[in-house]
Amino acid sequence: MKKSGSMEGAGGDTPSQLIDARINELSDWRGEMLARVRTLIKQADPEVVEEWKWRGVPVWAHAGIICTGDTYKNVVKLTFAKGASLEDPSGLFNSSLEGNTRRAIDIHEGDQIDDEALKALIRAAVALNLSVRAARSRKPKSA
């Protein structure tokens, strides 16, 4: 069963269908890479929800955004919403390193991905999202 987020595109396509279409329209290495990282994300978190936001950006979420998958002319960019708060022992983050919140992985043509390191990063992002959600639900409501 495919899970999809609440954001629907033109014609009522689900986010998963829109991501499928993006992968297919990128008939080069970028489409293959986006499909590969998508598979790794789903393997790392079978409960991931696919969303389509900001007029055409694939988003993977679980208790909040895990990461986005932008494609540019020379790069597939995975941007982790709370990447600055994640341990990255394998050094996958190589872009947006100066910010206080996000971190990104720029993947260029011919780059190799460490599947297990990426899956560990996805699981860490999910765990962080779940811990933030749990902390919010424990906060007493102020009057």
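Q: With which side chain does the side chain of Glu 50 make a polar contact of 3.0 Å?
A: In this predicted model, local features need pLDDT of at least 70 and side-chain atom pairs count only at pLDDT 80 or more, while totals for chains, interfaces and linings use all residues. Residues are numbered from 1 along each chain as its sequence is written, and side-chain values use heavy atoms, with hydrogens and water left out. A polar contact is a pair of N or O atoms within 3.5 Å; within protein, one must be able to donate a hydrogen and the other to accept it, and residues adjacent in sequence count only if both atoms are side-chain atoms. The side chain of Glu 50 has such a contact, at 3.0 Å, with that of Trp 60.

Q: Which side chain is joined to that of Glu 50 at 2.6 Å?
A: Glu 50 sits in strand β1; helices (H or I, at least four residues) and strands (E, at least two) are DSSP runs, numbered from the N terminus. The 2.6 Å polar contact links the side chain of Glu 50 to that of Arg 38.

Q: Is Glu 50 buried or exposed?
A: Buried means under 20% relative accessible area, exposed over 50%, and partly exposed in between (1.4 Å probe, protein chains only). The relative accessibility of Glu 50 is 1%. Glu 50 is therefore buried.

Q: Why is strand β1 largely enclosed by the rest of the structure?
A: Strand β1 covers residues 49–53. It is largely enclosed because, of its five residues, the number buried is four.

Q: How many bridges join β1 to strand β2?
A: Two strands pair if DSSP finds at least two bridges between them. β1 and β2 (residues 57–61) run antiparallel, and Glu 51 has Val 59 as its bridge partner in β2. The two strands form a hairpin with three residues between them, and Trp 54 in the turn has a positive phi of about 50 degrees. The number of bridges joining β1 to β2 is five.

Q: Is Asp 45 buried or exposed?
A: Asp 45 lies in the loop between α2 and β1. Contact means heavy atoms within 4.5 Å, and, not counting residues up to four places away in sequence, Asp 45 touches His 62, Ile 66, Ile 122 and Val 126. Its relative accessibility is 6%, so Asp 45 is buried.

Q: Which backbone oxygen does the side chain of Arg 103 reach at 2.7 Å?
A: Arg 103 is in strand β5 and is buried, with a relative accessible area of 15%. A polar atom of its side chain lies 3.2 Å from the backbone oxygen of Leu 97. At 2.7 Å, the side chain of Arg 103 reaches the backbone oxygen of Gly 99.

Q: What pattern does the protein follow along the sequence?
A: The protein has three helices and five strands. Read along the sequence, they give α-α-β-β-β-β-β-α.
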